[in-house]
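Trainee: I've got a new model open and want to go through its charged pairs. Can you walk me through it?
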Amino acid sequence: MSLIKVGIDIVLHLDKYLGTIIQTYGMATYFIIFLIIFFETGLVVTPFLPGDSLIFAAGAFAAIGSLNVFTLFIIVSAAAILGDTVNYHIGKFIGEKIYEAENLKLIKKEHLLEARNFYEKYGNMTIVLGRFIPIIRTFVPFVAGIGEMNYLHFLTYNALGGIAWAALFSFGGYYFGNLEVIKTHFGFVTIAIIVISLIPAVITFLRKK
């Protein structure tokens, strides 16, 4: 329960945590953001890391001069593209046998199967669409690697999705994050971003049911 409380506290006060990091580490904050986005997209065991909300919050700090929005955009784009590339190759190395495994300690099999179904439904565009759905975005490149999707095709959609995702949330935070109403209710805005991001996955789940 303590971990859940910590997670909720971080979500509700992400702006304060990020502000503290910027004050403490300065320019190294870019590297910290890079690592978080890289691990969130690059490892199937860390889908719980903040993605959309972190980038939006960082964009808001860029609006007040604490970060540079263009540097942020480049850093996030690079982390997202590299993360998916690593995830793709891990999936390719592991192969189809993972679907037959009975006990996956570090990977939730339902997330893996959900991502595979999503991939089978939307094809190559899954790499782009999956960027905007938490959890799905972590598993999609992994599933693409398992299915041995052509790497050049994967790289094209990977770059397109990564750049679009980074642009939407970094510049979105930059232009809207410092509106007074958003600053006052930043925790709720963060939750709203997460909920809205999950809507496509929920709709897909309900359709199956």
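Mentor: Start with a term: buried means under 20% relative accessible area, exposed means over 50%, and partly exposed is in between, with a 1.4 Å probe and protein chains only. Arg137 is buried, with a relative accessible area of 3%.

Trainee: What kind of model is this?
Mentor: This is a predicted model, where local features need pLDDT of at least 70, side-chain atom pairs count only at pLDDT 80 or more, and totals for chains, interfaces and linings use all residues. Residues are numbered from 1 along each chain as its sequence is written, and side-chain values use heavy atoms, with hydrogens and water left out.

Trainee: How many salt bridges does the structure hold?
Mentor: There are 3. A salt bridge here is a side-chain nitrogen of Lys or Arg within 4 Å of a carboxyl oxygen of Asp or Glu.

Trainee: Which residue forms a salt bridge with Glu40?
Mentor: Arg137 does, with the closest N and O atoms 3.0 Å apart. That pair links distant parts of the chain: Arg137 sits in helix α8 (residues 136–146) and Glu40 in helix α3 (residues 28–42), 97 residues apart. Helices (H or I, at least four residues) and strands (E, at least two) are DSSP runs, numbered from the N terminus.

Trainee: And Glu40, buried or exposed?
Mentor: Buried, and Arg137 is too.

Trainee: What about Arg137 and Asp52?
Mentor: Their side chains meet in a salt bridge, 3.2 Å from N to O. Asp52 lies in helix α4 (residues 52–63) and Arg137 in helix α8, so this pair ties together parts 85 residues apart in sequence. Asp52 counts as buried, at 3% relative accessibility.

Trainee: Which residues are linked in a network of salt bridges?
Mentor: Glu40, Asp52 and Arg137.

Trainee: Where does Arg131 come in?
Mentor: In a salt bridge with Asp84, at 3.2 Å from N to O. Arg131 is in the loop between α7 (126–129) and α8, while Asp84 is in helix α5 (residues 69–94), 47 residues apart. Both Arg131 and Asp84 are buried.

Trainee: Switching to α4. Why is it largely enclosed by the rest of the structure?
Mentor: Because 11 of its 12 residues are buried. Among them are Asp52, Leu54, Phe56 and Phe61.

Trainee: How far does α4 reach?
Mentor: From first C-alpha to last, 17 Å, close to the 16 Å expected at 1.5 Å a residue. The expected span is 1.5 Å times one less than the number of residues.

Trainee: What comes just after α4?
Mentor: Gly65, which takes a positive phi of about 90 degrees.
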